[in-house]
Amino acid sequence: MDAFLTAADNALRTLFAQPRASEQTPAHGVPEASLDPAQKKLAGALMRVNHVGEVCAQALYSAQAAVTRDPALRDHLQAAAREETDHLAWTQQRLDALGARPSLLNPLWFAGAFALGLVAAKVSDRANLGFVVETETQVASHLQSHLDRLPEQDQASRAVVARMKQDEERHADQARAAGALELPAPVRLAMKGAAKVMTTTAHYL
């Protein structure tokens with residue numbers, strides 16, 4: 001019960017409170033670029049998608065930590081979630097700087113990710129870790145695609161995305177080292193399909 005109360009508190013803070021980072025944003029000290037309207041719109045849309053990813057990360061880690069009975073795994077998931085909170089705050093800061101808004105569907109994204117996290121955690125701890133590996137691997141690839149698309153002069157957004165990519169890759173490596181189970185190909189493909197729907201929708205909404 002305590003674990004699920006903690007998860008509920010995390011949901012409220014993620015969706016309705018201003019996120020607070022424990023570490024200074026990688027964009028600190030980087031001058032804001034002069035972007036034309038199209039560039040600014042693109043950068044804002046990409047950072048909105050990244051913000052959605054961090055909302056989902058909070059949901060996934062919260063659900064997985066609530067279900068596992070392994071204290072070491074719970075500590076690992078909660079530590080990763082704290083780093084994802086930094087990402088959430090950093091992406092929110094970039095949205096504010098670019099004059100963009102978060103996704104209107106964040107409650108829906110959170111609920112869906114939380115449900116997926118519960119399912120993965122219920123299967124087994126190794127499957128739980130396998131879900132972390134696949135999720136973070138896909139996110140890192142997605143962030144690389146954003147680095148390819150962000151305006152070159154928007155160095156502040158690029159600094160945030162590059163650091164997030166490093167952190168996600170490290171989370172995947174840590175989960176793999178902890179004994180993650182490789183997910184079946186159909187599951188990985190389904191996850192990619194769901195992520196495609198989410199990122200495409202969040203780009204606009």
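**Figure 1. Cys-56 in helix α2.** In this predicted model, for which local features need pLDDT of at least 70, side-chain atom pairs count only at pLDDT 80 or more, and totals for chains, interfaces and linings use all residues, Cys-56 is placed in helix α2. Residues are numbered from 1 along each chain as its sequence is written, and side-chain values use heavy atoms, with hydrogens and water left out. Helices are DSSP runs (H or I, at least four residues), numbered from the N terminus. Cys-56 has a relative accessible area of 10% and is therefore buried; buried means under 20% relative accessible area, exposed over 50%, and partly exposed in between (1.4 Å probe, protein chains only).

**Figure 2. The largest nonpolar core.** A nonpolar core is a set of buried Ala, Val, Leu, Ile, Met, Phe, Trp, Tyr and Cys residues joined through side-chain atoms within 4.5 Å. The largest one has 19 residues, and those with the most contacts inside it are Val-52, Cys-56, Trp-109, Phe-110 and Phe-131. Helices α2, α4 and α7 each supply at least two residues of this core. Its largest share, seven residues, comes from α2.

Figure 3. The 18 residues of α4 should span 26 Å at 1.5 Å a residue, and the end C-alpha atoms are 26 Å apart, which agrees; the expected span is 1.5 Å times one less than the number of residues. Buried in α4 are Asn-106, Trp-109, Phe-110, Ala-113, Phe-114, Gly-117, Ala-120 and Ala-121. These residues lie on the same side of α4 because they cover an arc of only 130° around the axis, the arc being that of the directions from the helix axis to the C-beta atoms. On the face turned away from the buried side are the exposed residues Leu-108, Val-119, Lys-122 and Val-123.

**Figure 4. The largest pocket.** A pocket is an open set of points on a 1 Å grid over the protein atoms alone, where a 1.4 Å probe fits, with protein on both sides within 12 Å along at least five of seven lines; lining residues have an atom within 4 Å of a point. The largest pocket holds about 990 Å³ of space, the volume being the space filled by probe spheres set on the points, which are joined across faces, edges and corners. Its lining has 42 residues, with Gln-138, Ala-195, Lys-196, Met-198 and Thr-199 nearest the centre. At least two lining residues come from each of α2 (37-67), α4 (106-123), α5 (125-149), α6 (155-177) and α7 (185-204), and the largest share, 14 residues, from α5. The lining has 20 nonpolar, 14 polar and eight charged residues, where Ala, Val, Leu, Ile, Met, Phe, Trp, Tyr, Cys and Pro count as nonpolar, Asp, Glu, Lys and Arg as charged, and the others, Gly among them, as polar.

Figure 5. Gln-64 lies in helix α2 and is buried, with a relative accessible area of 1%. Its C-alpha atom is 7.8 Å from that of Arg-74, 10 residues apart in sequence. Leu-143, in helix α5, counts as buried at 1% relative accessibility. The C-alpha atoms of Leu-143 and Pro-71 are 31 Å apart in space, and the two residues are 72 residues apart in sequence. Ser-124, in the loop between α4 and α5, counts as partly exposed at 27% relative accessibility. From Ser-124 to Leu-181 the C-alpha distance is 9.3 Å, at 57 residues apart in sequence.
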